[in-house]
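Colleague: I'd like to learn how to read pockets and cavities in a model like this one. Can you walk me through it?

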Amino acid sequence: MIEGILVEGLIYGIMALGVFITFRILDFPDLSVDGTFPLGAAVMASTLTAGWNPLLCLLLAFAAGAAAGMLTALIHNTLKVPGLLAGILTMTMLWSINIRVLGGRANLPLMRVETMLTRFQHGLGAALSQPAALLLFCFAVVLVIKLAMDFFFHTDLGLTLGALGFNEQMIIAQGIDPRALKYIALALANGLVAVSGAFAAQYQGFADVNLGQGIIVSGLAMVMLGEFILRSNRIGWLTSRVILGSIAYRAIMYAGRYYGYYINLTPNDLKLITGILIIAALAVTKLQDKKGAAKKGKAKK
Amino acid sequence: MIELKDIDMTFGIGTPDENHVLNGLSLKVNRGDFITIIGSNGAGKSTLFNVISGKYSPTSGRVIFQEGDVTSQPEYRRARYIGRIFQDPLLGTAGNMSLEDNMVITQKKGFKGLKISLNHQLREKFRKELVQLDMNLENRLSDNVGTLSGGQRQALTLLMTVLSQPEILLLDEHTAALDPKNAAKVLELTCRFIEKYSLTAMMVTHNMQQAIDYGNRLLMLDNGQVIFDVSGEEKKNLTVDLLVKKFHEIRKSDFLSDEALLS
Ligand SMILES: Nc1ncnc2c1ncn2[C@@H]1O[C@H](COP(=O)(O)OP(=O)(O)OP(=O)(O)O)[C@@H](O)[C@H]1O
Ligand SMILES: [Mg+2]
């Protein structure tokens, strides 16, 4: 069970990193995620089934997610509609597109296909038990992604993105078109989400159009949980805590699934738990802010 | 250097709230000018800056920059040669980031690439520049800008803006939100930087004495028009009383309430 929590926490953590980029860094509530997650899964599953090189499949999944993210940015930038609506439009359209990617069906099993995960496990042979090999693989993948992201947000471009969500006027004042930055950030975020979907499909052994339903809300819960675990402003810690939050979220969901029946909870109640989790996180943050403000006010006097 | 030709700006055209804010305003700003601008609330001072900076495009009229028509150039493009500082000290910097990261973003105008500029050498350079502010900020490079006071933050914004070497500096009551001591300090820095980097500048202020004491040229704005434009000797000989008198000569309206408005 603990391996399951860690593996899923890591795989979904990639998605949470994408959500972190849009919601936290860009301050853009992007709901495309519900569509780009299954898009990544669908692209991965259908290209793997067609016998393509798994690494190429993964790259394609990223590219597909990135393209979808840019579509959201395009709708938002050119039609000046709020980000929320732009994301919903992309998400809705992707549902149909995902079915097409899956070859006109809603579900594509990967049981008899060699995935990146099974390849790695077989490659290691008897050196590691299968669950341990899986965990090692996911850990390595997430570590590489996290470090790449840390590097990116240290570059001049990354810093500029970091300022955009906080102060758009400052970015304009530097002679930079904020729209261009939004393309980049939404592409990056949804590319990551699609990669997460690609691994989720390989892990579960199938791709399904409904894989993404409500995933944005769970991603948000992961990001918020992480914020409770660690307080920091350094990008390295910020990305780490997103992944920790994702693992914590999985642990809570596991607990809900396996021990929930003691208090009459069924798996159908997990969405309710997720929602309550987010509301609780919001409430606690609000209370802390109030306390902080009160303290500051006192200090001034 | 910058020329405004017959600028009209009307908000909410065709609605009951239609508001004609700039009325055929024409103005020529020469290189090296340091212009102070006064005018009552709602006279159109900020709107004038918004038109120059490209935040709003005028209803009619043209904006010329160094012989080129830039009327339809978007704000972010014009920002490459226009530096602007607002009344709100929060608008110039990103409070969630460190001083050094803020300075990396603003050290050069234009789109940024995938390189990491911040190194020992650049930090040294930032430190040297920050010393000029005399606020001990050179020792706080890795602190979040959000932890600075309003005065420190505005001084930092000023420094970052002049270091990016704009052709023209627009200051919109940039000391009005600060306490008197910090306001004086930021104003002093402003003058020093304008001189040091030989900048062309326009400064909006509600303080008539300030408008008289600083700069080489003074504009009075009323009802979206430049009603008074003095420079040189004539400006040096101005006093607040003279200015108020001048205002009423031109406007010929109720003395008391207008004096209250102007100051
Ligand atoms: N975006 C806008 N939409 C509608 N009306 C606006 C807008 N911006 C400014 N105005 C109006 O234009 C008029 C002039 O405003 P402006 O901000 O230029 O005045 P100001 O001279 O800067 O005054 P203050 O001294 O109070 O800063 C005001 O009546 C204001 O309500
Ligand atoms: Mg104003």
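**Pockets and cavities**

Modeller: The lining of the second largest pocket divides into nine nonpolar, eight polar and five charged residues. Nonpolar means Ala, Val, Leu, Ile, Met, Phe, Trp, Tyr, Cys and Pro, charged means Asp, Glu, Lys and Arg, and the others, Gly among them, are polar. This is a predicted model, where local features need pLDDT of at least 70, side-chain atom pairs need 80 or more, and totals for chains, interfaces and linings use all residues. Residues count from 1 along each chain, chains are lettered from A, and side-chain values use heavy atoms without hydrogens or water.

Colleague: What is a pocket, and what is a cavity?

Modeller: On a 1 Å grid over the protein atoms alone, a cavity is where a 1.4 Å probe fits but cannot get out; a pocket is open, with protein on both sides within 12 Å along at least five of seven lines, and lining residues have an atom within 4 Å of a point. Volume is the space filled by probe spheres on the points, joined across faces, edges and corners.

Colleague: Which residues lie nearest the centre of the second largest pocket?

Modeller: A:Gln213, A:Arg250, A:Arg257, A:Leu270 and A:Lys271, out of 22 lining residues. The volume of this pocket is about 640 Å³. At least two lining residues each come from H1, strand S2 (206–208), helix H10 (215–229), H11 and H12 of chain A. Helices (H or I, at least four residues) and strands (E, at least two) are DSSP runs.

Colleague: How much space lies in the largest pocket?

Modeller: About 1200 Å³, with 35 lining residues; nearest its centre are A:Ser232, A:Asn233, A:Leu238, B:Asn96 and B:Asn144. Elements giving two or more residues are H1, helix H7 (156–164), helix H11 (235–259) and helix H12 (270–300) of chain A, plus helix H3 (99–107) of chain B. That lining has eleven nonpolar, 14 polar and ten charged residues.

Colleague: How many cavities of 30 Å³ or more does the structure hold?

Modeller: Three. The largest cavity holds about 180 Å³ of space. Its lining has 19 residues, and A:Ala173, A:Gln174, B:Arg84, B:Gly92 and B:Thr161 are the closest to its centre. Seven of the lining residues are nonpolar, nine polar and three charged.

Colleague: What lines the second largest cavity?

Modeller: The lining includes A:Gln169, A:Ile172 and A:Ala173 along with B:Glu75, B:Arg84 and B:Phe86. H8 of chain A and S6 of chain B each supply at least two residues. About 90 Å³ of space lies in this cavity, and its lining has five nonpolar, three polar and two charged residues.
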